[in-house]
Amino acid sequence: MARIIGVLGSTGSIGTQALQVIREMNGREENPANPHFDVKVLTCGHNRELLLSQALEFGAEILCVESEADADWLTAQLKLAAPDREVTVLWGEEGLVHAAGADLDVALIAVVGMRGLRPTLAAIEAGSDVALANKETLVAAGEAVMDLARERGVKIFPVDSEHSAIFQCLRSTGFDRRKELEKIILTCSGGPFRTWSKEALDKVTVADALAHPTWKMGNKITVDCATLMNKGLEVIEAMRLFHVGPDKIEVNIHPQSIIHSMVRYRDGCVIAQLGLPDMKVPIQVALTYPYRGFSETPRLDLTEIGALTFEKPRLDAFPCLGLAYSAAKEGGVLPAVMNGANEVCVYAFLTGRLGFSQIPEMISRTMDAFLKECGNKPVDRGLETVYEADGWARTYVHSELDV
Ligand SMILES: NC(=O)c1ccc[n+]([C@@H]2O[C@H](COP(=O)([O-])OP(=O)(O)OC[C@H]3O[C@@H](n4cnc5c(N)ncnc54)[C@H](OP(=O)(O)O)[C@@H]3O)[C@@H](O)[C@H]2O)c1
């Protein structure tokens with residue numbers, strides 16, 4: 001029987017690749033390792049044309065866009081193109097939360113940024129399993145998300161390639177050996193500026209930052225990769241998903257992006273997951289776990305790759321990674337503050353209001369100001385304080401940008 005899925009953020013990099021995975025799986029014979037999917041929910045921000053064509057192709061029943069005007073446009077287009085179909089078209093954040101709370105077997109959350117938090121909670125509240133691409137959700141409110149998932153008996157499957165790798169490594173012994181885990185080794189391509197001097201980093205343009213050497217992704221995560229904030233977010237994401245402290249997570253720069261991450265056990269054994277960089281693989285793993293279905297992804301031939309290399313991250317040139325470790329160690333709502341500040345800084349950089357090297361400076365200033373404001377006690381009292389801290393950080397950065 002087909003599984004019912006919602007793809008939130010279906011027009012983005014992860015969303016379109018997820019629909020490609022579903023297209024391929026639905027084209028093959030159905031079996032436990034190759035379930036078929038009924039796509040019930042599709043959502044986007046403003047890309048209404050692509051959402052319309054996805055809705056027509058997959059026969060989705062619930063759609064959501066950012067604005068009311070786009071929702072009206074979609075409704076009119078659907079009436080013309082598929083007059084016999086009943087489709088609910090929602091809009092805005094409330095619409096997104098409603099769409100996420102539909103009756104689904106699995107909700108794939110591929111919305112970018114903090115906007116992903118409320119729909120993730122709504123999907124869990126509704127009892128749907130969650131394939132989670134949106135890392136900002138776990139950074140800002142990971143404890144609340146994981147607690148609610150546990151309470152509701154909902155499974156969270158990581159889509160991020162590194163966390164999918166860790167998830168697979170941790171389960172490779174047949175059952176979970178988390179207590180015997182010594183280190184999680186998160187790999188990182190190093191981004192396009194891995195070898196650049198600090199002086200050269202001051203002159204980075206938006207075009208430079210959007211040219212990632214190994215992965216093709218949305219703009220926000222691509223900039224995060226260039227500053228190494230993406231790896232910082234992933235350290236906190238790993239803490240929440242795998243219930244470990246920051247001291248148990250190490251970052252290795254691995255420019256070829258072939259080893260997607262590793263785990264080391266207390267007997268010294270290291271287990272790694274390898275493959276060519278292709279997000280369709282972790283997406284499919286999240287959708288088929290514990291089975292392994294066929295995938296057309298190009299096969300890894302290590303003799304063609306030749307050499308895999310590793311380096312330590314340059315924390316002096318890329319302070320965002322250090323800031324994330326500080327936020328993780330301090331705990332409470334500081335990760336939410338860092339995440340909110342980072343989101344505003346990235347969009348300010350993309351729109352020419354902030355230089356590349358000013359991103360970590362501004363985030364650091366925001367974190368310091370917040371710590372001062374709360375008397376060095378960034379206590380997390382649940383979701384309300386997370387939203388407050390996120391809002392505080394955004395307001396602070398906006399006011400600094402306006403000076
Ligand atoms: N891309 C990757 O390879 C990758 C890998 C690992 C993890 N992730 C994580 O996955 C998430 C998505 O990344 P992405 O690269 O796929 O991003 P993306 O290409 O920018 O796509 C984001 C999706 O969210 C929608 N969206 C944006 N703002 C919205 C809003 N205010 N309300 C509702 N929907 C909104 C976009 O709609 P429009 O198209 O209409 O703007 C799009 O469908 C991020 O959290 C990222 O960190 C991505």
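Reader: What should I know about the model before I start?

Author: It is predicted, and residues are numbered from 1 along each chain as its sequence is written. Local features need pLDDT of at least 70, side-chain atom pairs count only at pLDDT 80 or more, and totals for chains, interfaces and linings use all residues, while side-chain values use heavy atoms, with hydrogens and water left out.

Reader: Which residues come nearest to the ligand?

Author: A residue is near a molecule if one of its heavy atoms lies within 4 Å of it. Here 24 residues are around the ligand, and Thr11, Gly45, His46, Asn47 and Glu136 come nearest. By class, this shell has 9 nonpolar, 10 polar and 5 charged residues. Ala, Val, Leu, Ile, Met, Phe, Trp, Tyr, Cys and Pro count as nonpolar, Asp, Glu, Lys and Arg as charged, and the others, Gly among them, as polar.

Reader: How much of the ligand does the protein cover?

Author: Accessible areas come from the Shrake-Rupley method with a 1.4 Å probe; for residues, only the protein chains shown count as cover. On its own the ligand has 890 Å² of accessible area, and the protein covers 85% of that. Helix H1 (13-26) and helix H6 (135-152) are the elements that give two or more residues to the shell. Helices (H or I, at least four residues) and strands (E, at least two) are DSSP runs, numbered from the N terminus.

Reader: How many residues of helix H10 are buried?

Author: Buried means under 20% relative accessible area, exposed over 50%, partly exposed in between (1.4 Å probe, protein chains only). In H10 (residues 219-227), 7 of the 9 residues are buried, including Val223 and Cys225. Contact means heavy atoms within 4.5 Å. The buried residues of H10 pack against H6 and other helices, among them H11 (229-242) and H16 (358-373). After H10 comes Leu228, with a positive phi near 70 degrees.

Reader: How do I read a pair of aromatic rings?

Author: A pair is described by the distance of the centres and the angle of the planes. Rings of Phe, Tyr and Trp (its six-membered ring) pair if their centres lie within 6.5 Å; planes under 30 degrees apart count as stacked, over 60 as edge-to-face and the rest as tilted. The count comes to 8 aromatic pairs. Phe157 and Phe167 are edge-to-face, because their centres are 6.1 Å apart and their planes at 85 degrees. Phe157 counts as buried at 9% relative accessibility, and Phe167 counts as buried at 7%. Phe157 and Tyr289 have centres 6.0 Å apart and planes at 50 degrees, so this pair is tilted.

Reader: Is Ser53 buried or partly exposed?

Author: Ser53, in helix H2 (residues 48-58), is partly exposed, with a relative accessible area of 40%. A polar atom of the Ser53 side chain lies 3.2 Å from the backbone oxygen of Leu50.

Note on methods:
A polar contact is a pair of N or O atoms within 3.5 Å; within protein, one must be able to donate a hydrogen and the other to accept it, and residues adjacent in sequence count only if both atoms are side-chain atoms.
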